[in-house]
Amino acid sequence: MNAPLELILITGMSGSGKSVALRALEDAGYFCVDNLPPELLMSFVDLEQGRGQRRVAIAMDVRSATSLPQVPAHLRELAQRGVAVRPLFLDATTDTLVRRFSETRRRHPLSRSLSEAGADQHRAVVEAIELERELLADLREHAHVIDSSVLRASQLQDYVKSLLSTPHAHLTLVFESFAFKRGIPVDADYIFDVRMLPNPHYEPELRDLTGLDAPVAAFLQANAEVDEMYADIAAFLEHWLEPLARNHRSYVTVGIGCTGGQHRSVYLVEKLAEEFGLRWTTLKRHRELSGR
């Protein structure tokens, strides 16, 4: 009963999957509230603490734009009061968001004010998205960013649940493999390009395997350039993780990209996660490997 209240605040771009993330939290046993006005945040927390709630999740979006600037100060005050605050920000590329609005035929919450006579719908949606990015920039800066651009709803739910398993108030390393041909993940703090390394795709017996398979790992381990790249990435992280932790960073996402996101990047993510997992809380994601 003396455990602190855990508050997860979900913000992010319209169409990025905030409702999906909130459902994942509800499934995990959180008391969830969607679209809570920022003016009610402090009184809501007081109410839930009085009711004995231990885990709550709140979603806020740009419909509360005029009062969103209050939120960072509120979160700092709650942290000082002992509330375990975890801000998550859902993001996606502009092209992805435009496509989602087109497919669902939903109106962007800011597009009404931007649409003018003669303005085409596509341009109005893009302008609304860019305005929304500006309005939410401060919240994004203080949150762990999740890029949902190429994630299915089930993958996003699994990723949110995996974040809940990490200890609060400790720096968590997220290693993510990806394919450059499908775009750079917008949630990455650091990006390392490994496309210059030998590519198992051109070996017929390895083409249909991935960096999770032993023959691919053996192929890459035998190459000195792969070892050199691994050592350089590891040395960079060894040097900067402690300063990041001292700066109260909760999450650091490291993207490792190759052409197809199947072999080289997957292998290096596995190896880095294994080594750094000995000293840091570590998660790994393989964006292009469904369910892996």
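Before the first entry I wrote down the angle classes: under 35 degrees counts as roughly parallel, over 145 as roughly antiparallel, 65 to 115 as roughly perpendicular, and the rest as oblique. This is a predicted model, where local features need pLDDT of at least 70, side-chain atom pairs count only at pLDDT 80 or more, and totals for chains, interfaces and linings use all residues. Residues are numbered from 1 along each chain as its sequence is written, and side-chain values use heavy atoms, with hydrogens and water left out.

**Entry: α4 and α6**

I looked up the axes, which are lines fitted to C-alpha atoms, for helices over the stretch in contact, with angles from 0 to 180 degrees between N-to-C directions. Helices (H or I, at least four residues) and strands (E, at least two) are DSSP runs, numbered from the N terminus. The axes of α4 and α6 cross at roughly 125° and come within 10 Å. The two helices are therefore oblique to each other. I then listed the contact (heavy atoms within 4.5 Å). On the α4 side are Thr94, Leu97, Val98 and Phe101; on the α6 side are His122, Val125, Val126, Ile129, Glu130 and Arg133.

**Entry: α9 and α10**

Next I took α9 (residues 224-246) and α10 (residues 264-276), which pack at about 40° with axes 11 Å apart. That angle makes α9 oblique to α10. From α9, the contact includes Val226, Ile233 and Leu241; from α10, it includes Tyr267, Leu272 and Phe276.

**Entry: the cores**

A nonpolar core is a set of buried Ala, Val, Leu, Ile, Met, Phe, Trp, Tyr and Cys residues joined through side-chain atoms within 4.5 Å. Buried means under 20% relative accessible area, exposed over 50%, and partly exposed in between (1.4 Å probe, protein chains only). Which residues touch the most other members of the largest core? I found Leu7, Leu41, Ile58, Met60, Leu75 and Leu78, out of 30 residues. Elements giving two or more residues to this core include β1 (6-12), α4 (94-104) and α6 (121-141). Another core, of 29 residues, lies apart from it, with Val226, Ile233, Val269 and Ala273 among them.

Leaving aside neighbours within four places in sequence, Met60 is in contact with residues including Leu9, Leu36, Leu41, Leu68 and Val71.

**Entry: Thr253**

Thr253 is found in strand β8 (residues 251-258). Is Thr253 buried or exposed? Thr253 counts as buried, because its relative accessibility is 1%. Not counting residues up to four places away in sequence, Thr253 touches His144, Val174, Glu176, Asp187, Ala188, Asp189 and Tyr190.
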